[in-house]
Amino acid sequence: MNKCRDVRKKLSAFQDGEVNQIQKESIETHLRSCRECKKQFTAMMHTYQSIDKLPQIEPDPIFTQQVIARINKTSLQDHFLNNFLRPLSIPAAMVIIGLLSGTLIGSLVIQNQLNPLELSSPANYPDRENIVTSLSLDSFNAAPPGSIADGFLHVTLGTNMDTRNHGVSL
Amino acid sequence: MSESSPEKKYQKKIQTAEDLMQRVANGDRHAFTTLVQVHQNSILNFIWRLMGDKTHAEDLSQDVFLRVWKSAPKYEKRAKFSTWIYRIAINLCLNKKRTLKIKNMFLTSLPLKRQPQINTDFTTPENQLLKAEQTRRIFDILNTLPSAQRIAVTLKFYQGLSYAEISQILDRSIPAVDALLVRAKKNIQKKIRK
């Protein structure tokens, strides 16, 4: 029984001619006397028989020329790459990096200076409110031309109507 | 062992390929042409048996030799040329299979999915039909095997390499190659019984 187990472990290598002479003779002797092991070996032989008869295909008669042509083509590409593209790659990369970083920095600066969305942000609201108020006060005219206040000021200050109607400093 | 034994001849062939590779590494196109002519048949058939498609086999064989040319400066004479070139071929085949698998995932809904090209230009029409059917049956069997098992079977059965050589190509131990082939044979048996 142990003999069968040992033989079966080696059957595949035996079939492939990968056992030494002593193992080969021992397995051959066993196969002559053991029906079960012989049956297993026959089944194993069928595996290779089933995939046998796969024909050989012939390479294209111009196979070598095709390979050489491809090598020439890649050599040309490599030549072009090494002599033209590679020397240009560093300046080109620098220009691209410059453009990208310029765009990034520019957008950050603009975003920090004027972002209308930030007005609606509650976190920024008090500061923004002060700025808006002071801008409104700068353009506020307490005595618009033709108003009572304007007439009053005209009388009390005695100034020319044409020269004083551009805002009042309060 | 006599001087003209197949082993000696094989050793001689290996030596020649390695010497040629040294010249190829120095940019010798003549040596490269010789190398292609000597190995094109075995590489083409090896790839065909792995891929099951003649067009892919032809394209990939060219890729293999292109890679040999480009990588020649990195080739170390200590390594067997056959081991090296088979590794290149296997890597390219596995990459191609991966690409095809991804491609097929997207193309499964299309009705005109490309079928493997089996036609191998057999002589008479009757023979052609018979052998094409036989070839299709064999590829049906081989297609059921996982990649590693299929590679091992192809290298052993079709390319006639030893377990030691296969173990070097696949970077596995000899018992691991043995186990791989045992599993492959069991899978083939299962397929035949169906």
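A polar contact is taken here as a pair of N or O atoms within 3.5 Å, where within protein one atom must be able to donate a hydrogen and the other to accept it. In the predicted model, 14 residue pairs, both members at pLDDT 80 or more, are in polar contact between chain B and chain A. On the side of chain B that touches chain A, the elements giving two or more residues are helices H2 (29-51), H3 (54-71), H5 (125-143), H6 (147-158) and H8 (174-193) of chain B, and H2(B) gives the most, with 11 residues. By class, this side of chain B comprises 20 nonpolar, 12 polar and 10 charged residues.

In terms of residues, 42 from chain B are in contact with 31 from chain A, and the two chains bury about 3,500 Å² between them, of which 64% lies on carbon and sulfur atoms. Within chain B, the most area is lost to chain A by B:Gln62, B:Phe157 and B:Lys185, which together account for 19% of what that side buries. Three salt bridges are found across the interface of chain B and chain A; B:Lys185 also takes part in a salt bridge, its side chain meeting that of A:Asp16 at 3.1 Å, N to O.

The largest nonpolar core contains 73 residues, and those with the most contacts inside this core are B:Phe32, B:Ile47 and B:Val68; H2(B) gives the most to the core, with 11 residues. When neighbours within four places in sequence are left aside, B:Val68 is in contact with B:Met21, B:Phe32, B:Leu35, B:Phe81, B:Trp84, B:Ile85 and B:Ile88.

Definitions and conventions:
Residues are numbered from 1 along each chain as its sequence is written. Chains are lettered from A and ligands numbered from 1 in the order in which they are written. This is a predicted model: local features need pLDDT of at least 70, side-chain atom pairs count only at pLDDT 80 or more; totals for chains, interfaces and linings use all residues. Side-chain values use heavy atoms; hydrogens and water are left out. Contact means heavy atoms within 4.5 Å. Buried area is the accessible area (1.4 Å probe) that two parts lose on being put together, summed over both. A salt bridge is a side-chain nitrogen of Lys or Arg within 4 Å of a carboxyl oxygen of Asp or Glu. A polar contact is a pair of N or O atoms within 3.5 Å; within protein, one must be able to donate a hydrogen and the other to accept it, and residues adjacent in sequence count only if both atoms are side-chain atoms. Helices (H or I, at least four residues) and strands (E, at least two) are DSSP runs, numbered from the N terminus. Ala, Val, Leu, Ile, Met, Phe, Trp, Tyr, Cys and Pro count as nonpolar, Asp, Glu, Lys and Arg as charged, and the others, Gly among them, as polar. A nonpolar core is a set of buried Ala, Val, Leu, Ile, Met, Phe, Trp, Tyr and Cys residues joined through side-chain atoms within 4.5 Å. Buried means under 20% relative accessible area, exposed over 50%, partly exposed in between (1.4 Å probe, protein chains only).
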